[in-house]
There are 2 protein chains.
Amino acid sequence: GIANYREILGGQIGSAIMKDGNPLTLHYVMFIPTVMGQGTYEQQAEWIQKAWNCDIVGTYAQTELGHGTFIRGLETTATYDPKTEEFVIHSPTLTSYKWWPGGLGHTANYAVVVAQLNTLGKCYGIHSFIVQLRDEETHKPLPGIKIGEIGCKLGMNTTNNGYLGFDNVRIPRKQMLMKNNKVLKDGTYVESPSSKLTYGTMMFVRVVIVQDAADYLKKAVIIAIRYSCVRRQSQPKPDEPEPQILDYITQQYKLFPLISTYYAFRYSATWLWDMYNNVSSELEAGMLDQLPELHALACCLKAISSTDAALGIEMCRLACGGHGYMMSSNLPTTYGLVTAMCTYEGENTVLLLQTARFLMKAWQIKVDGQKLTPTVEYLQSARDTVYQRNVHWIISTLQYVAARKIELAWQHMNERIQKGISSEDAWNQTSIELTAAAEAHGRAFIVSMYCTTMEDIKKTVSKPLRLVLIQLLDLYGITTAFKCLGDILRFTKATGADIEDLQLWLEELLTLLRPNAVGLVDSFDVRDEVLSSALGAYDGNVYERLFEEASKSPLNSEPVHKSFDRYLKPFLKSQL
Amino acid sequence: GIANYREILGGQIGSAIMKDGNPLTLHYVMFIPTVMGQGTYEQQAEWIQKAWNCDIVGTYAQTELGHGTFIRGLETTATYDPKTEEFVIHSPTLTSYKWWPGGLGHTANYAVVVAQLNTLGKCYGIHSFIVQLRDEETHKPLPGIKIGEIGCKLGMNTTNNGYLGFDNVRIPRKQMLMKNNKVLKDGTYVESPSSKLTYGTMMFVRVVIVQDAADYLKKAVIIAIRYSCVRRQSQPKPDEPEPQILDYITQQYKLFPLISTYYAFRYSATWLWDMYNNVSSELEAGMLDQLPELHALACCLKAISSTDAALGIEMCRLACGGHGYMMSSNLPTTYGLVTAMCTYEGENTVLLLQTARFLMKAWQIKVDGQKLTPTVEYLQSARDTVYQRNVHWIISTLQYVAARKIELAWQHMNERIQKGISSEDAWNQTSIELTAAAEAHGRAFIVSMYCTTMEDIKKTVSKPLRLVLIQLLDLYGITTAFKCLGDILRFTKATGADIEDLQLWLEELLTLLRPNAVGLVDSFDVRDEVLSSALGAYDGNVYERLFEEASKSPLNSEPVHKSFDRYLKPFLKSQL
Ligand SMILES: Cc1cc2nc3c(=O)[nH]c(=O)nc-3n(C[C@H](O)[C@H](O)[C@H](O)COP(=O)(O)OP(=O)(O)OC[C@H]3O[C@@H](n4cnc5c(N)ncnc54)[C@H](O)[C@@H]3O)c2cc1C
Ligand SMILES: Cc1cc2nc3c(=O)[nH]c(=O)nc-3n(C[C@H](O)[C@H](O)[C@H](O)COP(=O)(O)OP(=O)(O)OC[C@H]3O[C@@H](n4cnc5c(N)ncnc54)[C@H](O)[C@@H]3O)c2cc1C
Ligand SMILES: [Ca+2]
């Protein structure tokens, strides 16, 4: 099923085959899931088999030049013509051109196209349509279809993201995905009982992103830690050899927290995946209760994990000094793939605001004295407790801080509304605090989920391993606490002395983890082929590999580059 | 003079000519300054004229595969042969290969090579030598010289950074740069009165980096703010058109502080440049008093400005949503150039530790009751004062915080030493706090320098302009305070209510600045050719430009890419 394809296309094996993005990802991660999620059983029967077999290759064409975040604003139209029982797909403006779909440039011959549905003179908003783009034999774009590749990007340059315009292209009625809403032969529009049913695919991809972000971060950490054991630099003590740079506490501080970040994200991803599967089955049965909660959590976890993983990968790169800047370290490419996750499938700020909307409702429920759902129950129970050197204090403190930030944002928004400001403007004016509250909520969740998962794992592993795993959990807790230090000191009774102890605890943990650092990243068991890094290979032959990679540069094929005679020599000989 | 070449090679005109780095930069920024700084008058007479005329093109070959930060560990040797009065330059190992010098791959025919000087059987440490690399007519590498290009990098892919190995290459004695230390004909080594005299060039480049970081950040901010006025997205109010995304407070919060960051860095750069010129003349006169202070400040300002500018540019890119990820936005390339500054000319962590070393000495001077030099005088005078809504409170609070962090690091280091830990280990164990203290010192300096400079500027500008400039200064102060919020609450009597007021002040300033945001970035007066961005052009024709750039993609030259018949078709037709 899809879970296996995730393995192939995601951070692991997939990235070894196609280092900088795969043109088939959209086929598996968006095209097929969308047909499955929004197609009728007949439509699934017709299309899924072909797609699984790769008789056809699909992509997902939603975003347009002019609209990404605001999909209700898409301009592409699908107008029903009852005479021929066809939809006419059309791009009325330049900004309505589809822009971004992966694999669209040269690979896909079909697409799910999202367009404004018009029938019998009325617009019913956006719906999804299966559109054939290219001839299955010749691969030529079909009449009325204009396709191209969008050009170079920061990364993902092997995905051939494309653009797509339609000049009144006709498709049969049955190619509108009609599991939920339908257009009958005569053009009558029949609405589904719940429009929320289409949330499924979107949520699926966000769940996948949390895991992928963790996996890419993992690769970067393996590379940086292995390199930091090979690399020796500086000579603090005149009579001793240069230390491995991993012996510098600043280096440990850059890297060790990222090992634990991998675990933290992975456990949140697992929880999210289980919850997603739960909610999906409930949705099938028409139950929608848990959907808002899943949605709110998927949004902020996607935002936090993609942001932190991208920053973490850059931290790994910078921690490798100059050599990290080489493409052969594979760290720049890894960053390019992960920072894209901050934007696609919901821009992170926009996602945090969606979580915030849920949290504002939750706080209102609390104020009204009603029962809170599980992931926000802490808004009721969180307490400000006296500092203790353990992760439970950190978790309860982070929850207390999140509750206070949610409360404050709620209060400020209501004050603005009471002053006569419209609710939309009040929302906007409070949005810095709203996004910060959503982030605090997500961070508290991640640490507490990490801790909960460890409670189970602790029971199953040997005592020495347990010790190390708990050190990592503690380290993640501390570094999260330091990230939120301003808030903790603002909202709780924590003191300067407490922070001094936290700092000591941090330093102790780094020292304790040092002997196991390499073992920990080796245990991730990522093959050299998957790491694809001159700095991170298992054998540690860093310098040989860097040199070998450089030798492959096409610029080294001749001792004097052809540009010399053409440009450089005349320049040198000229009188400046 | 050099200052003019900075204009051409640096962030402005240079980046328009060579978007992704210039192979001649090292010639002007390192080769010539090094010969001027370390060469005798005769050497300057011989080489500078040729170099200025570009009869020869030089690079600066210091870093090796195995050593960047720790230059004392360089392995390349220069062994003096009194019989022929030559130095023999040699690369004894793979790790001793020079690696990184800009323009070395294909452009330069000369280099300043840094090598371990051996004469009469003794090693005297690293010295600089002018070495011819290529034939001036044919450009062929000279016998014994192995040159190549190091391969693809995250950025700067038009600088042809190179590698360089020597197989017993002989150069005349007079090509050792001998302004300071000398080797006489018979091989006698004559030491200079002060080895600090060679600090000049290194410091020069760090000063340049602060200004360049500011200039690149400026470009990114112009692009992001202009785009944010063209881009309209989402529809908060059902009956109104989509707002310009710059009307979202979160968007303003991402971008407006970066306008002020540009000014902040620019004023620090100006101060640093003046101080550099001062100190340089004093050095010529044998006065070394101000050198440590300049060194300490150049280190932390280079570290902070490169880090913040890189983060700021990424913030700009992400704030442009999907289109920021296009190379045609020019934001990815700009990031690539600036993030490199975090590593070259002193890796940022290493630089912060150098500043910290100065600060530890300064604190000791304070403890000993002696007089402090100007840039650390605040360690004596800083006070914790009651919150007031103005930038002066912020500055004195940041200084107070920096003083406390310096004190705490000093105290913790000494406690460790008293416990019997060696001073080197104590230094390492305290290094997280040491780097944080150096950063706090630098941040306090930047805001206070910004404020001081504004005091002068205020007098010369119209009242409406003055108002806006003060808003920007205040905004920079507030955002710095929020960056240091944990520390402020940890070390001062600031309260939760104070922070709430700070937040309100921030929100008010964003709203006040909104009408002038475009005017402010237009006033930077950067031409479209220099911005090179589809998103940032003055006319705002974003979508047309994006499309036009995409049309240029070589992948769009044929409707069906040649890979279809070769790979994709067989794949589609196969039975999976
Ligand atoms: C590498 C990559 C691959 C992609 N692949 C695909 C694909 O296969 N198929 C596809 O259909 N699309 C794809 N996309 C498009 C992607 O889904 C959009 O770019 C994404 O949804 C962000 O939308 P946007 O570009 O419109 O950003 P914008 O919405 O324009 O964001 C710009 C800025 O505006 C702010 N903003 C916008 N709305 C609000 C609001 N209401 N409140 C506050 N701030 C706001 C944002 O925070 C951001 O700072 C891809 C994009 C990338 C980068
Ligand atoms: C784009 C680019 C262009 C360059 N151009 C040139 C050029 O033209 N000529 C030239 O000679 N060189 C050039 N360089 C090389 C550059 O000067 C070095 O990469 C830089 O000095 C950093 O040194 P490193 O690579 O040895 O890093 P490393 O020292 O190996 O750093 C790796 C890690 O070790 C840590 N570390 C190292 N020492 C210590 C310590 N004592 N205490 C705590 N932590 C420590 C660092 O903080 C970092 O996290 C260039 C580099 C780049 C990226
Ligand atoms: Ca307090």
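1. Ligand 1. Around this ligand stand 32 residues, and the closest are T63(A), T69(A), E347(A), R231(B) and Q251(B). A residue is near a molecule if one of its heavy atoms lies within 4 Å of it. Chains A and B both contribute residues here, so the site is shared between chains. The model is predicted: local features need pLDDT of at least 70, side-chain atom pairs count only at pLDDT 80 or more, and totals for chains, interfaces and linings use all residues. Residues are numbered from 1 along each chain as its sequence is written, chains are lettered from A and ligands numbered from 1 in the order in which they are written, and side-chain values use heavy atoms, with hydrogens and water left out.

2. Polar contacts of ligand 1. A polar contact is a pair of N or O atoms within 3.5 Å; within protein, one must be able to donate a hydrogen and the other to accept it, and residues adjacent in sequence count only if both atoms are side-chain atoms. From chain A, a polar side-chain atom of E347(A) sits 2.7 Å from a ligand 1 oxygen. From chain B, a side-chain N or O atom of R231(B) is 2.7 Å from an oxygen of ligand 1. For K254(B), the distance from a side-chain N or O atom to a ligand 1 oxygen is 2.9 Å. Alone, ligand 1 exposes 970 Å², and the protein buries 93% of that. These areas come from the Shrake-Rupley method with a 1.4 Å probe; for residues, only the protein chains shown count as cover.

3. Shell of ligand 1. Which elements each supply at least two residues of the shell? They are α10 (348–367) of chain A, with α6 (249–284) and α8 (321–324) of chain B. Helices (H or I, at least four residues) and strands (E, at least two) are DSSP runs, numbered from the N terminus. By class, the shell holds 14 nonpolar, 14 polar and four charged residues.

4. Ligand 2. This ligand lies between chains A and B. Its 32 surrounding residues include R231(A) and T63(B), both among the closest. A polar side-chain atom of Q251(A) is 2.7 Å from an oxygen of ligand 2. The backbone takes part too: a polar backbone atom of G322(A) lies 2.8 Å from a ligand 2 oxygen.

5. A sheet in chain B. Three strands form an open, antiparallel sheet in the order β4-β8-β7. Its edge strands are β4 (98–99) and β7 (145–149), and each pairs on one side only. Two strands pair if DSSP finds at least two bridges between them. β7(B) and β8 (162–166) of chain B have five bridges. I145(B) stands opposite F166(B) in β8(B).

6. Two positive phi values. Most residues other than glycine have a negative phi. Phi of C54(A) is near 60°, and phi of L120(B) is near 50°. Are these residues buried or exposed? C54(A) is buried, at 0% relative accessible area. L120(B) is exposed, at 57%. Buried means under 20%, exposed over 50%, partly exposed in between (1.4 Å probe, protein chains only).

7. Helix α12(B). Its 28 residues, 391–418, should span 40 Å at 1.5 Å a residue, and its end C-alpha atoms are 40 Å apart, which agrees. The expected span is 1.5 Å times one less than the number of residues. Of the 28 residues, 20 are buried, so α12(B) is largely enclosed by the rest of the structure. At its start, a side-chain oxygen of N390(B) reaches to within 2.9 Å of the backbone nitrogen of H392(B). Just after α12(B), G420(B) has a positive phi of about 100°.

Terms used
Ala, Val, Leu, Ile, Met, Phe, Trp, Tyr, Cys and Pro count as nonpolar, Asp, Glu, Lys and Arg as charged, and the others, Gly among them, as polar.
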